[in-house]
Amino acid sequence: MAMVRAQKKMKPSPDPSLQPRSSDGVVLSMKKAGNQFLSRRWEELDEDCLTNVFAKVGMESLLLSVPFVCKSWYTTTLNPLCWKFLSFPDFEPYPLFTAPPCDDVVNLEFAADDICVEEFEPNTFGPFYDKLVQEYGIDRTRFSITAFVKSVVDRSHGKALYLKLPAFCTEEALRYVSDACPELKGLRLPDDLVIFKHSQIIPQVIGKWKFLKHLSLGGSMARIAMQYHKSGEYLCKNFEGLLSLENYDSPNSSTNLYEILVEIGIHCKHIRSLHVFDALVGEVEALTIATMLPNLVNLTLGQSQIQRDSLVMLLRGCKKLCCFHLAYCEGFEEGDEEMLKLASHISDFRCKGALSSFFTRFDVLKRIVLTMGLRNQVWRERKMILGKILG
């Protein structure tokens, strides 16, 4: 792949009278050539200084901008210390939904080629990934978010301190980072705790992060809702492949949040912040937080269901909370006087009830998505039968 270096812009020479000088009057950090004063070249900066700067510029700059400036900058980006903070832009394999090619999806009189919804390919991966694919000349049909996550994580050589995985990531990628990033202090897993396959392995891997202080779970349902409003009645293959349909009974069935909390309480003794989105927080989950995570300082529940009794249990049990946010949750009244009294010891307590829109309710949307997934399975089975009949 041919890499094009960024064009350098000419800058006016600085006024020598304004430059710092040493005791003998020599201008510091400047070179004199005749009557001209030239500033030092960026590529001559100490590598440690460059590393400190590059560690803060973000993944997009580290991959799409910085390496193309000059050889010394490219070499510096290979330093594992530049990759301590890994915040992956969200992977958005759109479209997630599509309309069927015909009205009667179960009529076996249609030709096998007409039943093709599940083969629909995404037309975008999101702005960052589309740019990455174009810049590095990657075949779109062969791009793998799993391979990309692995390659970036490998650059940290186990030194990563913060990791945010992209939405719609994979189980394989999650298992890989659980071994490759043992020193994590901050972790964000933005996928919903019920409908994605890889969320079921979180209890198996969460205990590997012994130094974890900050954890965020969930938060992908808003993106799914936006796509649902814009699209059809069936799931595309790339989206259906991420769903966990085999163990699905109902959107209110027990989630793996309890198992995750237990593992955190046993193995992650330094945990101080917990943020949970798109989940059902029942009495057992609330009791586990209150008893096994006694040192929590910051707690957020977003777009989730939690009944009043469970909320009271949290307020009574989490004595060290300084910040407790309930964002668009349902199951309780916002102005409950007893609840507000119990929360009086929390300096930053915010409570906002659920949105009124029907399709913003996380349980309703989950039911819709999973029903679509099951419908796709029936479609595929009938397609196979039809293929045998016509074959």
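Visitor: Where do we start, and how do helix 11 and helix 12 sit in terms of axis distance and crossing angle?
Guide: In this predicted model, helix 11 (residues 283–292) and helix 12 (residues 308–317) have axes that come within 9 Å and cross at roughly 5 degrees.

Visitor: Parallel or antiparallel?
Guide: Angles under 35 degrees count as roughly parallel, so helix 11 and helix 12 are roughly parallel to each other.

Visitor: Which residues make the contact?
Guide: Helix 11 contributes E283, A286, L287, I289 and A290. From helix 12 come D309, S310, M313, L314 and G317.

Visitor: How do they divide into nonpolar, polar and charged?
Guide: The contact of helix 11 with helix 12 has six nonpolar residues, two polar and two charged.

Visitor: What about helix 5 and helix 6, what angle do they cross at?
Guide: Roughly 10 degrees, with the axes coming within 9 Å. Helix 5 covers residues 145–156 and helix 6 covers residues 171–180. That crossing angle makes helix 5 roughly parallel to helix 6.

Visitor: Which residues are in that contact?
Guide: On helix 5, T146, V149, K150, V153 and D154. On helix 6, E172, A173, Y176, V177 and A180. The set divides into six nonpolar, one polar and three charged.

Visitor: Moving on to P166. Where is its place?
Guide: P166 is in the loop between strand 5 (162–164) and helix 6.

Visitor: Buried or exposed?
Guide: P166 is buried, and its relative accessible area is 0%.

Visitor: What is P166 in contact with, leaving aside neighbours within four places in sequence?
Guide: The list for P166 is F88, P89, D90, F91, Y129, I145, V149, P190 and D191. V149 also belongs to the helix 5 side of the contact with helix 6.

Visitor: And how is P166 placed relative to E92?
Guide: The two are 74 residues apart along the chain, and their C-alpha atoms are separated by 8.6 Å.

Visitor: What is the phi of F168?
Guide: F168 has a positive phi of about 60 degrees, although it is not a glycine. For context, most residues other than glycine have a negative phi.

Visitor: Where is F168, and is it buried or exposed?
Guide: F168 is in the loop between strand 5 and helix 6, and it counts as buried at 1% relative accessibility.

Visitor: What about Y328, what is its phi?
Guide: Y328, also not a glycine, has a positive phi of about 55 degrees. Y328 lies in strand 13. At 32% relative accessibility, Y328 counts as partly exposed.

Visitor: What follows strand 13, and where does D336 lie?
Guide: D336 lies in the loop between strand 13 (323–329) and helix 13 (337–342). D336 is buried, because buried means under 20% relative accessible area and D336 has 16%.

Visitor: What lies 3.0 Å from a polar atom of the D336 side chain?
Guide: The backbone nitrogen of E338.

Visitor: Now the whole chain. How many helices and strands?
Guide: The protein chain has 14 helices and 14 strands.

Visitor: How much of it is buried?
Guide: Of the 391 residues in the protein chain, 45% are buried. The chain exposes about 20,300 Å², with carbon and sulfur atoms supplying 54% of that.

Visitor: And what share of the contacts join residues at least 24 apart?
Guide: Taking contacts between residues at least 6 apart in sequence, 78% join residues at least 24 apart.

Definitions and conventions. Residues numbered from 1 in each chain as written. Predicted model: local features only at pLDDT ≥ 70, side-chain atom pairs only at ≥ 80, totals over all residues. Heavy atoms only, no water. Axes fitted to C-alpha atoms, helices over the stretch in contact; angles between N-to-C directions. Helix = DSSP H or I, 4+ residues; strand = E, 2+ residues; numbered from the N terminus. Parallel < 35°, antiparallel > 145°, perpendicular 65-115°, else oblique. Contact = heavy atoms within 4.5 Å. Nonpolar A, V, L, I, M, F, W, Y, C, P; charged D, E, K, R; others polar. Buried < 20%, exposed > 50% of the residue type's maximum accessible area, 1.4 Å probe, protein only. Polar contact = N/O pair within 3.5 Å; in protein donor to acceptor, adjacent residues only side chain to side chain. Areas by Shrake-Rupley, 256 points an atom, 1.4 Å probe, with all protein chains shown as cover.
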